[in-house]
Amino acid sequence: MDTRWWEVDGRHIVLDRLAKNQPIAAFGVRSARTPEIARLAKASGHHVIWVDLEHSTMPVDVAAQICACALDIGITPFARIPERDLGVIGRLLDGGAMGIIAPRIETVEEVRQLVAACRFPPLGHRSAIASLPLVQHARLPAATLFETANRATLVKVLIESQPGLDSLEAIAALPGVDILSIGTNDLSAELGVPGDFKHARVREAHEHALDVCRRAGKPLVIGGIGDPAYAAELIRRGAAPFLMTGIDTDLLLGAAQDRVRQALASIQ
């Protein structure tokens, strides 16, 4: 496979699709522990796989193996890091991840530190390395390798609190932030209305984020919406069509429940 499959006319394929308002189907991984899950995501038509280290006990080496497999077969691998754990970023990117999702971002300084951890100089302070899975371990001049990796790496900032909303305009203006996201589940809890994603305070937060990101020219992903109709309304209002199709744990549970119902119904 062409090592530059992730690039379209000089722009990352994910950002290119979102700029053209083309949907991105993203599959979450929390319980799977082998690269086979990346192949299943690819076979089912997903464009992105994201490995959740915030809400799982998965070790870094397993997450990196899943990401490297996704990279090899042509779907973009993200990893969601544990809250404010910048030290794990370099290991995930060195192992094959192409994007970092940073949860509960609240300040400009946190974002500056995040971007610096994700990118090689002069755009950041990621530690130098001789080769990467991104280029199939080709031995490239350091400047070429680092510039390629900087273009390939996406930084996705997750806003989940009122302080994050208060800082959103300044965060969206920062260089190096590629995608912004609202985590509605956590945000609704922080706003005192847990799970009520249609509450006026939550809707106001969504509208504020849409306005900020529209003016900044950055894609905004709004997740944690249990109502497909409302999710579609947000996309029509300008949210990026970055569609979280589910997480492996939830999909397995749902399929298992369906199988039990079918089995019991078959003998009644």
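A: A word on terms before we start: helices (H or I, at least four residues) and strands (E, at least two) are DSSP runs, numbered from the N terminus. This is a predicted model, where local features need pLDDT of at least 70 and side-chain atom pairs count only at pLDDT 80 or more, while totals for chains, interfaces and linings use all residues. Residues are numbered from 1 along each chain as its sequence is written, and side-chain values use heavy atoms, with hydrogens and water left out.

Q: Thanks! Which helix does T184 lie in?
A: T184 lies in helix α9.

Q: And is T184 buried or exposed?
A: T184 is buried, at 1% relative accessibility. Buried means under 20% relative accessible area, exposed over 50%, and partly exposed in between (1.4 Å probe, protein chains only).

Q: What does T184 touch?
A: Leaving out residues up to four places away in sequence, T184 touches F197, V202, H206, I222, G223, G224 and I225. Contact here means heavy atoms within 4.5 Å. With H206 there is also a side-chain polar contact of 3.1 Å. That term covers a pair of N or O atoms within 3.5 Å; within protein, one must be able to donate a hydrogen and the other to accept it, and residues adjacent in sequence count only if both atoms are side-chain atoms.

Q: Switching to the sheet: what is the strand order?
A: The order is β9-β8-β7-β6-β5-β4-β3-β10, an open sheet of eight strands with parallel pairing. Its edge strands are β9 (220-223) and β10 (242-247), each pairing on one side only. Two strands pair if DSSP finds at least two bridges between them.

Q: How many bridges join β8 to β9?
A: Four bridges join β8 (residues 179-183) to β9, and the two run parallel. L180 stands opposite L220 in β9.

Q: Which strands does α3 lie across?
A: α3 lies across β3 (24-29), β4 (48-52) and β5 (76-80), at about 175° to β4. α5, in turn, lies across β6 and β7 (154-159), at about 155° to β7. For such angles, axes are lines fitted to C-alpha atoms, for helices over the stretch in contact, and the angles run from 0 to 180 degrees between N-to-C directions.

Q: What about the nonpolar core, how many residues does the largest one have?
A: The largest has 60 residues, and V29, I49, I66, L92 and V157 have the most contacts inside it. Helix α3 (residues 60-73) gives the most to this core, with seven residues. A nonpolar core is a set of buried Ala, Val, Leu, Ile, Met, Phe, Trp, Tyr and Cys residues joined through side-chain atoms within 4.5 Å.

Q: Now charges. How many salt bridges are there?
A: The count is 22, taking a salt bridge as a side-chain nitrogen of Lys or Arg within 4 Å of a carboxyl oxygen of Asp or Glu. One of them joins the side chains of R104 and E190 (2.9 Å, N to O). R104 sits in the loop between β6 (99-102) and α5, and E190 in helix α9 (residues 184-190), so the pair ties together parts 86 residues apart in sequence.
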